[in-house]
Amino acid sequence: SICVPVYNDWENAILLIENFVSCNYKEVSLMVIDNGSHQPNESVNDRISQFDNVSITRINTNLGLGGAIQEASKTCKADWLVWMPGNMKVLPSEMMDFLAVVSSSHSETFVKAHRINRPFIDRLKTIIASIVQTMVAGTPMLDTGGTPSAIHRTSTLWDEIVRAPSDYMFDSYMLFAAKKLQIKVERPQVSYHQRLIGNSHWQSGFAAEASLMKSLVYSIIQWRLEGLRKVRGSDG
């Protein structure tokens with residue numbers, strides 16, 4: 001089941017839904033999470049009602065990226081929960097290789113995309129962020145923002161979904177948790193595209209990204225300290 005959180009970005013979401021339907025995937029469903037958009041999009045509801053494998057869940061308050069995925073995990077009935085952006089940077093029609101890795105993976109595997117074909121400046125920022133997070137976490141934290149990602153509902157990692165931050169730090173936490181739990185991480189390549197319509201509301205300049213990185217570094221330190229406390233507590 002593929003979860004796609006959407007916050008007001010219905011132009012891209014509609015295109016993504018149409019692209020998914022055109023794939024005619026077998027045993028794969030699409031869960032659109034309306035994450036507190038200003039107004040429900042009735043045209044999307046009308047289109048979705050035509051398809052058995054596409055659904056929409058309305059959340060009245062924006063719960064953040066992680067919060068939307070947490071809500072999806074509560075109703076997901078599929079063996080694997082996949083989450084991905086709804087901004088058309090990743091096309092469902094180009095996810096066949098990724099989904100093949102998911103379907104052939106052991107349940108105790110975290111499948112997380114390694115993004116390719118991105119602009120140089122985006123790759124440079126990812127490299128810098130990966131180095132900083134790796135140094136702070138004490139374990140490789142490469143391309144933490146790479147999605148789609150997938151977790152099996154019987155995995156030890158599944159319980160970490162509800163413990164993860166509800167904001168943009170969700171993806172970093174899930175990778176950190178997978179490393180902490182010594183769960184195998186598969187990183188199939190997924191091609192990224194430029195955002196088709198509109199602009200990102202949170203990647204708005206160097207100062208904003210520096211602030212986000214500062215918050216993330218602080219959070220990783222907290223995650224490590226919490227882990228150390230648990231270990232020390234178990235040792236008496």
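**Exercise 1.** Find how many salt bridges the model holds.

*Solution.* Start with the rule: a salt bridge is a side-chain nitrogen of Lys or Arg within 4 Å of a carboxyl oxygen of Asp or Glu. By that rule, the count comes to 8. Keep in mind that this is a predicted model, where local features need pLDDT of at least 70, side-chain atom pairs count only at pLDDT 80 or more, and totals for chains, interfaces and linings use all residues. Residues are numbered from 1 along each chain as its sequence is written, and side-chain values use heavy atoms, with hydrogens and water left out.

**Exercise 2.** Look at Arg 115 and Asp 143: how far apart are their closest N and O atoms, and is Arg 115 buried or exposed?

*Solution.* First, the distance: the closest N and O atoms of this salt bridge are 2.6 Å apart. Arg 115 sits in strand β6 (residues 114-116), while Asp 143 lies in the loop between α5 (120-137) and β7, so the pair links distant parts of the chain, 28 residues apart. Helices (H or I, at least four residues) and strands (E, at least two) are DSSP runs, numbered from the N terminus. Last, accessibility: buried means under 20% relative accessible area, exposed over 50%, partly exposed in between (1.4 Å probe, protein chains only). Arg 115, at 16%, is buried, and Asp 143, at 6%, is buried too.

**Exercise 3.** Work out where Lys 184 and Glu 186 stand on accessibility.

*Solution.* These two form a salt bridge, with closest N and O atoms 3.1 Å apart. Lys 184 has 51%, which counts as exposed; Glu 186 has 26%, which counts as partly exposed.
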